[in-house]
Amino acid sequence: MTDLQRPKSEVRNDFLLQHQAAQFLYREARLLDERRLSDWLELLAEDLHYFMPLRRNIKYGDWHLEYSDPETEISYFDEDKSILTGRVRQIETGVHWAEEPVSRFEHIISNVEVTDQIGDEIYVNSKFYTYQNRLADEVQVFCGRRYDVLRRDEVTDFKIVKRKILIAQNVLLAKVINTFF
Amino acid sequence: MDLSVRTSKGDKFLRSFIDSEKGTVNRELYINQDVFEQEMEQIYRRCWLFLGHESQLRNPGDFFVSRMGTEEVLVVRDRKDQKIRAFLNSCRHRGEKVCRYDQGNSLIFTCPFHAWTYDTSGRLVGAAGQNSPQGYAGDLKKEDWGLTEVAQFTNYYGTLWATWDKDAPSFEDYLGPFAESVRYMCEGSDGVDNGLEVFTPFQKWRVPTNWKVPAFTSSRDPEHGAMTHRSVNAAAIGPMRELQGGDRSRKRQLIENITYVCGDHNLGHGGAWTKYLAPGIAEYVDGWYEDGVDDYFREMHVKKMEKYKDRIVPPQGHDAGHFCVFPNFIMDAWRWRIWHPHEVGVVERWSLFGVDKDAPKHVKDAVRHYVMRYNGPSGATESDDMENWNYVYPASRGAVAREWDYNFANGLGHGFQEDGAPGALVFNGNRSEEAHRARFSRWLAFMEAESWDDLYPIKSDANHRLW
């Protein structure tokens with residue numbers, strides 16, 4: 001998934017596939033920004049693993065220690081679709097104070113690369129720059145990378161099967177994370 | 001008059017910002033820069049502070065970086081004697097951080113500035129130019145230039161604590177009547193002492209507010225739950241997830257008891273306090289969604305019941321504990337929260353979660369996933385706390401807003417002391433703000449005291465109860 005080698009030529013040169021993957025990720029970002037969270041949930045596979053690890057400051061080369069391990073350690077998110085559905089339900093109560101009044105989010109997605117294709121699943125890397133503005137003057141910025149596995153779907157083009165979100169922060173500088181990446 | 005207890009507001013003294021008759025605290029104490037600077041001197045240099053857990057340092061040379069107030073400390077298990085020690089993370093030469101990693105294993109700590117190098121017991125073992133004829137020429141007395149070690153350090157049933165003050169009482173005396181509660185919180189679910197390890201890494205995040213907002217008044221604050229956490233059950237993040245209507249609380253059965261909020265006005269600790277009226281521990285109630293997790297905890301619980309069958313459990317028993325160890329450490333059973341002040345209006349929160357060290361993986365996984373969806377900056381419950389604690393600060397800072405007082409009067413005048421109970425342990429209704437008031441009794445004592453001679457009640461026979 002994190003292969004740094006050049007993607008296979010049948011993927012690299014498949015302009016339509018590259019285009020479809022990028023369009024899907026842009027659409028997903030727009031749904032979040034338009035607060036269409038129930039529609040966003042439709043893009044998630046039933047067997048989704050949604051993972052956003054913590055990041056340590058570590059010695060050069062101790063890369064195995066940098067990200068929290070989803071098998072044994074604590075992360076920001078390490079969950080399935082049912083928990084994410086619960087989070088959406090919570091926001092939609094209108095009394096989830098961390099996101100009430102609701103924020104103005106802009107999820108900017110870029111650097112989309114389809115790196116592999118196995119069966120009906122594709123491997124897609126991208127970057128996010130998420131700007132949050134809420135109440136009068138509160139601003140947060142979340143910036144990082146994502147490694148996704150997307151599965152072909154007749155209705156929504158793709159479903160997100162796996163998402164690994166690497167935020168470029170050690171101590172989280174925002175008081176909460178009340179959006180999705 | 002001692003200027004150290006003045007604020008920059010004219011000649012007003014700290015004591016005058018607390019009205020014990022009305023039960024109020026002036027907002028100035030939360031937003032004043034001078035007050036913050038004095039807190040770092042008077043409180044954070046003298047109190048016992050939480051550093052971490054021994055399970056983070058299993059092997060010789062293992063280290064992690066923690067905090068004591070606004071400063072970083074390096075906590076390391078020595079390679080030679082295997083003891084855990086804590087040092088200020090600041091090179092003795094020019095003050096650069098000698099360790100810039102969150103954790104790891106090392107033979108030595110070499111400052112990246114001039115190569116001053118310390119071993120895992122904090123001793124200086126080398127420095128650039130130490131033998132150069134044009135430099136120190138062998139005159140650098142290494143034994144005088146070791147890392148600055150904390151004055152006292154203790155491993156209390158697996159939890160690691162330190163103080164910068166050599167005159168502070170022992171940690172157990174510092175805890176006073178809450179010592180058995182801290183010990184109890186460190187038991188495994190089978191009732192065995194020091195039965196936990198902590199999940200790593202810790203969640204760490206910044207909240208733009210004064211440290212006292214969460215540290216002093218989140219334990220125990222029973223009246224915030226219904227409003228602050230109104231949305232939470234919709235998220236179904238409890239151990240039972242969608243079962244039981246998404247209830248965020250785990251079901252428990254309790255021995256007959258009376259529940260109080262209790263504050264120790266001499267020591268500053270306090271929170272929930274359950275007085276059990278009969279010995280023993282009640283039967284286990286199934287409450288986990290994942291297969292096999294209840295089987296494990298039920299089996300452990302039987303062992304714990306055996307241990308306590310003829311004993312009254314401590315007031316934090318039955319997983320019911322929620323209290324603050326003065327000044328900035330909250331124990332909510334095995335969920336531990338530390339509030340590190342950074343600036344007058346910025347606090348950094350660290351979260352630790354304990355779990356039975358010998359639990360099988362599927363149990364650890366269930367507990368781990370539960371705490372991730374419940375707690376922290378991405379936790380469905382705590383995120384709402386952050387919002388409220390945050391906006392207290394900007395909404396209290398203005399020239400008009402800061403003139404007003406916070407109301408700490410819930411239950412004022414209804415507290416009582418018990419015969420035979422330690423000096424200033426005050427019991428009050430289980431929805432009262434008694435523990436918050438106790439924090440301020442202790443806060444003022446620290447801010448006014450010249451030394452621990454004025455602070456440790458057994459020595460001075462003091463009663464710091466303000467209200």
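This note goes through the predicted model point by point, from the sheet in chain A to the backbone exceptions in chain B.

1. **Conventions.** The model is predicted, so local features need pLDDT of at least 70 and side-chain atom pairs count only at pLDDT 80 or more, while totals for chains, interfaces and linings use all residues. Residues are numbered from 1 along each chain as its sequence is written, chains are lettered from A and ligands numbered from 1 in the order in which they are written, and side-chain values use heavy atoms, with hydrogens and water left out.

2. **Sheet in chain A.** Six strands form an open sheet in the order S2-S1-S6-S5-S4-S3 (chain A), with mixed pairing. Strands S2 (75–79) and S3 (104–118) of chain A are at the edges; each has a single partner strand, so one side of each lacks a neighbour in the sheet. From one strand to the next, the twist averages 20 degrees. Helices (H or I, at least four residues) and strands (E, at least two) are DSSP runs, numbered from the N terminus. Two strands pair if DSSP finds at least two bridges between them.

3. **S5 and S6.** Strands S5 (residues 138–153) and S6 (residues 157–167) of chain A run antiparallel and are joined by 10 bridges. Within S6(A), Ile167(A) is the residue opposite Gly144(A).

4. **Helix H4 of chain A.** Helix H4 (residues 81–91) of chain A lies across S1 (44–53) and S2 of chain A, at about 80 degrees to S1(A). Axes are lines fitted to C-alpha atoms, for helices over the stretch in contact; angles run from 0 to 180 degrees between N-to-C directions. H4(A) is mostly covered, with eight of its 11 residues buried. Buried means under 20% relative accessible area, exposed over 50%, and partly exposed in between (1.4 Å probe, protein chains only). The buried residues include Leu84(A), Arg87(A) and Ile91(A). Their cover comes from both chains: it includes H3 (37–41), S1 and S2 of chain A, and H7 (232–235), H9 and H10 (382–392) of chain B. Contact means heavy atoms within 4.5 Å.

5. **Nonpolar patch.** Ile108(A), Tyr129(A), Tyr131(A), Val139(A) and Val141(A) make a nonpolar surface patch of about 410 Å². Strands S4 (121–134) and S5 of chain A each give two or more residues to the patch. Ile108(A) lies in strand S3 of chain A; at 47% relative accessibility, Ile108(A) counts as partly exposed. Patches are made of residues with over 30% relative accessible area and no salt bridge; like charges are joined within 9 Å, nonpolar side chains (Val, Leu, Ile, Met, Phe, Trp, Tyr) within 5 Å. Areas come from the Shrake-Rupley method with a 1.4 Å probe; for residues, only the protein chains shown count as cover.

6. **Salt bridges in chain A.** The rule asks for a side-chain nitrogen of Lys or Arg within 4 Å of a carboxyl oxygen of Asp or Glu. Glu28(A) and Arg163(A) meet at 2.7 Å, N to O. Glu28(A) is in helix H2 (residues 15–33) and Arg163(A) in strand S6 of chain A, so the pair ties together parts 135 residues apart in sequence. Glu28(A) is buried at 1% relative accessibility, and Arg163(A) is buried with a relative accessible area of 1%. A salt bridge of 3.2 Å, N to O, joins Glu138(A) and Lys175(A). Glu138(A) is buried at 9%, and Lys175(A) is buried at 2%.

7. **Salt bridges involving chain B.** In the pair Glu197(B) and Lys364(B), the closest N and O atoms are 2.7 Å apart. Glu197(B) is in strand S13 (residues 196–198) and Lys364(B) in helix H9 (residues 361–374) of chain B, 167 residues apart. Both residues are buried. One network, built from salt bridges that share partners, joins Glu71(A), Asp78(A), Lys361(B), Asp365(B) and Arg368(B).

8. **Backbone exceptions in chain B.** Most residues other than glycine have a negative phi, and most peptide bonds are trans. Ser219(B) and Arg220(B) are joined by a cis peptide bond, omega about -5 degrees. Another cis bond joins Phe326(B) and Pro327(B), omega about 5 degrees. Tyr157(B), not a glycine, has a positive phi of about 50 degrees. Tyr157(B) is partly exposed, with a relative accessible area of 23%.
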